[in-house]
Amino acid sequence: MNGNIWVNFPFIVVALLLALGFYTIGFKRNLIKVVIGIEILEGAVNLFLVALGYVRGGYAPIYTLAPSEAANPQNMVLPTPQALTLTSIVIGVAVSALMLAFAVNIYKHYGTLDVTKIRRLRG
Amino acid sequence: MIEHLPALMIAVPLFGAFVSPLFKKKQNIVAIWAILITAVTVGLSLLLMYQVRLNGVIVYVFGADKPTLVLPSGYKVPIRIMFEIDGIGAFMAISATLMSFVGALYSYSHVEGESGLEKYYALLLLLEVGILGMVLTGDLFNLFVFLEIAGIAGSALVGFRNYRGEASEAGIKYLIVSSVASLMVLFAVGILYGEYGNLNLAYISRQVSFNTLDMIAFGLLFASFAMKCGAVPMHYWVPDAYTEVPAGINPALLVSTYASLYALFRVSFTLFANISISLARVGWIMSVLGVLTMFIGVTMALVQKDVKRLMSYHAISQTGYMLLGVGVGLTVLHDPKALAEFGRTAMAGGIFHIINHIIYKSLLLMTAGALFYVTGTRNLNEMGGLARKMPITTLCFIVGAAAISGLPPFNGFASKFLIYESSYRLNPLLAVFAMVTSILTLASFVKVFASAFLGPPLEKFENVREVPKPMIVAMVILALLCILFGLFPDVVLDKLVYPAVDALINVAQYQSWGGLA
């Protein structure tokens, strides 16, 4: 039954990454680090999706390339979680690019990346 | 042709968005192109509503042999992405397309002098795609994708005036909130997928057993969507984003906020409909959240000096009415007697208030944009005596202000009255708070009216003239809608609102893919 602990290992990492991401967004003062925090959160969610779809000893669901013992579709993994993760990664790139562009523009106008000083909008 | 209507709803604005950058050299043509595309989508969404009223729930399966083939032979679960459109989806689609059209029309003059307009209109159309996708889809992952599209396009538009540092500040705030919310939505979708092995909303809602994992997923979804619709503990991004965005985008941005509200309703009413005992508790949470939101929003609005910021705080406060109305309905959802007596009315009030609020708040933010257009400032203390110079804007402002304060012949009264009389039945205190909020709203708009429009004419505004025609047309359309919805609320309630309410209450119809499977 030793294997059971390791089955859950990716999810423990997911929980740690989620905590780390929220900590970074909430407590770091540098805007770039806040962006990194969001990237960590995204990594956590992506890892969660991929870990959900992992089947020990499963084969990639490509019928023409699978070895003979995988001919039974039961031995193939479901491709949906991988597809979800790919989509989510692509969206994540767009989000981080836009956030970094905003950060650059903020640095140009405010001369700082400290989130406690970027506070012209208030009240 | 007509059966491909749901796909066209997405395809037309998406096509428009990707064609817009081609008109880089001709900034006038791109504006007209965007107006044209949004006008076409208005027509399509009206047709969609007609179809929904005629045939009930519309199901559209992407990539199938036939668009209605939910379960191909031999399959027991739906595997393809599908759109599922019922009364409330079509209702939200009409709001989204109408507001994008009015916003594009207004933008024609409002942002005329700015550079990069082809990107502005491309993003406006993308924002419309995101909203339409969110309200039409029947697939959880698809919901996440469109949520992100709306979030990215919306925040890019908030930061559109990149020569102002404040715009980028508001943009990154909005983007951080929306990306954290969407990532948590994705996490919850992952939990549900791991448990039930499917992403179809209707399919999962039939399976949900409400164990601990489901509760976590529900909590995450509820919190993320409440965060994105600007309910109280997470409301701080709303005033910044609404203030900095160009006034022509405000209508579409408002609808994108309420698309998240729609997702919140969809999750509580459809996805977790089977959990009959806890729903009353969720309904109470929603109602109390609504009361807090409306009260805190209006008290923050009273002290503002920036005209758009003041109106943005009112937007938070008005979201509270919708949460209250629908929350009261959710509380009594499994009590048929109470539901028939006041639950259905309360939900009708909440949902009617969505479209009313979108109309009059867009109108008000547009008049604020017009003030900014002619005076170059948003500070109320520096304005004055503009009523004589801008008579039509003044009239539009009066209509909007009367509507938001819930004065009788306008649309705000129609929906607020439904909420007052029904929330009173659940708990009188809820109705008292709703009325006090309404009075405070009136007070703060009297202040805006007095300081911007009344008073002696100021010397520096001597050469101010009325804003250009397209802006006036956009404002007058909305002002007329305010009056029409207020004079004939029964027609709107019958044709648009009650189908939407019944779609939320009648889960069985949604779960059977409209009777197709």
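Helix α4(A) has 31 residues and reaches 44 Å from its first C-alpha to its last. This is close to the 45 Å expected at 1.5 Å a residue, where the expected span is 1.5 Å times one less than the number of residues. Helices here are DSSP runs of H or I with at least four residues, strands are runs of E with at least two, and both are numbered from the N terminus. The model is predicted: local features need pLDDT of at least 70, side-chain atom pairs count only at pLDDT 80 or more, and totals for chains, interfaces and linings use all residues. Residues are numbered from 1 along each chain as its sequence is written, while chains are lettered from A and ligands numbered from 1 in the order in which they are written.

Buried residues of α4(A) include Pro81(A), Leu84(A), Thr85(A), Ser88(A), Ile91(A) and Gly92(A). Val95(A), Leu98(A), Met99(A), Phe102(A), Asn105(A) and Ile106(A) are also buried. A residue is buried if 20 or more other C-beta atoms lie within 10 Å of its own, exposed if 12 or fewer, and partly exposed in between, with C-beta atoms placed from the backbone. The buried residues of α4(A) pack against α3 of chain A and against α5 (140–158) and α6 (165–196) of chain B. Just after α4(A), Gly111(A) takes a positive phi of about 70 degrees.

Between the chains, 27 residues of chain A are in contact with 27 residues of chain B. Contact requires C-beta atoms, placed from the backbone, to lie within 7 Å. On the side of chain A that touches chain B, the elements giving two or more residues are α3 (31–53) and α4 (80–110) of chain A. α4(A) gives the most, with 14 residues. This side of chain A divides into 20 nonpolar, five polar and two charged residues. Ala, Val, Leu, Ile, Met, Phe, Trp, Tyr, Cys and Pro count as nonpolar, Asp, Glu, Lys and Arg as charged, and the others, Gly among them, as polar.

Chain B holds 19 helices and two strands. Buried residues make up 62% of chain B. Among its contacts between residues at least 6 apart in sequence, 81% join residues at least 24 apart.

Two helix pairs were examined in chain B. The axes of α15(B) (residues 411–426) and α16(B) (residues 428–453) come within 6 Å and cross at roughly 150 degrees. That makes α15(B) roughly antiparallel to α16(B). Axes are lines fitted to C-alpha atoms, for helices over the stretch in contact, and angles run from 0 to 180 degrees between N-to-C directions. Angles under 35 degrees count as roughly parallel, over 145 as roughly antiparallel, 65 to 115 as roughly perpendicular and the rest as oblique. The contact of α15(B) with α16(B) has nine nonpolar, two polar and one charged residues.

α3(B) and α18(B) (residues 489–505) pack at about 135 degrees, with axes 7 Å apart. That makes α3(B) oblique to α18(B).

Note on methods
Contact = placed C-beta atoms within 7 Å.
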